[in-house]
Amino acid sequence: MRKKIHILAMGGTIAGRAGDSAATTGYQAGAVGVEELIAAVPQLAEAAEVSGEQLAAIDSKDITAAEQLLLVKRVRELLLSGAVDGIVVTHGTDTMEESAYLLDLLHFADKPVVLTGAMRPATALSADGPLNLLDAVRTAASEEARDRGVLVVLNNAIHSAHLVTKVSTTAVETFQSPNGGAVGAVNDGEVVFFQSPQLHHLPNALSVSEALTVRGKLPYVPIFYGHSDDDGTLIPMALEKGAKGIVYAGMGNGSIPARAEEKLAAAVRAGIPVIRASSSVYGMVTKAEASYEQAGFAAGGLLNPRKARLLLQVAVCGGLSPAEWQKFLA
Ligand code: SIN
């Protein structure tokens, strides 16, 4: 029996329209509707029974927490309804890894949720979106993809939400998982997994997801980017503005200049959790300096700063204990 795969369209370059088919920049993201995206790939009908729904039509750099939570809500409704076997989300690439990670934290089902997008607009010569969409639907329809959480499929590769990141500004092979590699591939329609993704599902994902979507917003958790001569001036200002957590994207192994470290330590003393992440792409952030432990900073592990931010937002909002959220930093 053909699997029922529902496509939720959020916009992005996969739905981008440019005046010139040779243009790969300067287009309008999110301009092509989901029905047009589906119609452009007749092979989808062979892969699954496909339906589509337009949830947003945005350039993903502009996505807000309200739109991310709308996506979470709709995915939850569809999975709970039992009406679909899998879900594909078409999404802009700029924040795809963030939406994928948020969905993974709040995932509660064994059915696949697969995000895809494109680096070239739908109107471009050599557009990458149509094959990415087909591969994403094939993955979502695959028995092999069950119990593997939220996945990101582009350029024939399957990545976990936990590790995937956009590494190139413009290349079609932009999505990589530097600290573990792709978990699988789609080769001429055959979906193959090489390894099992590490799942970052909250134990109480369903109730936290419901609470967050009722609230419709996420707490303010800024990311500070470490650099030479950083004295952390903006850290107390963020606390005054109501920050409920802080991520510091430090240098190398999450290193923090001493003057910024003092201000972050004061934040922890005031009850604000701090994660040390890194601006480096390879390697995990480990405990490192004794002073970081004494101050109570959490070492970010393999989470990049943007995903660490989402983890803190969900943890604060969902009332998670430090032990509950820090296990995802291992
Ligand atoms: C976006 O993120 O919406 C625009 C860029 C892209 O999708 O590649």
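The model is predicted, so local features need pLDDT of at least 70 and side-chain atom pairs count only at pLDDT 80 or more, while totals for chains, interfaces and linings use all residues. Residues are numbered from 1 along each chain as its sequence is written, and side-chain values use heavy atoms, with hydrogens and water left out.

Q: How many salt bridges does a search of the whole structure find?
A: Side chains of opposite charge can pair when their charged atoms come close. A salt bridge is a side-chain nitrogen of Lys or Arg within 4 Å of a carboxyl oxygen of Asp or Glu. For the whole structure, the search finds 12.

Q: How many residues apart in sequence are the parts that Glu 97 and Arg 306 tie together?
A: The side chains of Glu 97 and Arg 306 form a salt bridge, at 3.8 Å from N to O. Helices (H or I, at least four residues) and strands (E, at least two) are DSSP runs, numbered from the N terminus. Glu 97 belongs to helix α4 and Arg 306 to helix α10, so the pair ties together parts whose separation in sequence is 209 residues.

Q: Is Glu 97 buried or exposed?
A: Buried means under 20% relative accessible area, exposed over 50%, and partly exposed in between (1.4 Å probe, protein chains only). Helix α4 (residues 96-105) is mostly covered, with 10 of its 10 residues buried. Glu 97 has a relative accessible area of 1%, and therefore counts as buried.

Q: Which residue forms a salt bridge with Asp 135?
A: An α-helix has 3.6 residues a turn, so residues three or four places apart point the same way. The closest N and O atoms are 3.6 Å apart, and the partner is Arg 138.

Q: Which backbone oxygen does the side chain of Gln 313 reach?
A: Gln 313 lies in helix α10 (residues 305-317). Because its relative accessibility is 3%, Gln 313 counts as buried. At 2.8 Å, its side chain reaches the backbone oxygen of Pro 219.

Q: What is the angle between the planes of Tyr 292 and Phe 297?
A: Rings of Phe, Tyr and Trp (its six-membered ring) pair if their centres lie within 6.5 Å; planes under 30 degrees apart count as stacked, over 60 as edge-to-face and the rest as tilted. By this rule there is one aromatic pair. Tyr 292 and Phe 297 form this tilted pair, with 6.0 Å centre to centre and an angle between the planes of 40°.

Conventions:
A polar contact is a pair of N or O atoms within 3.5 Å; within protein, one must be able to donate a hydrogen and the other to accept it, and residues adjacent in sequence count only if both atoms are side-chain atoms.
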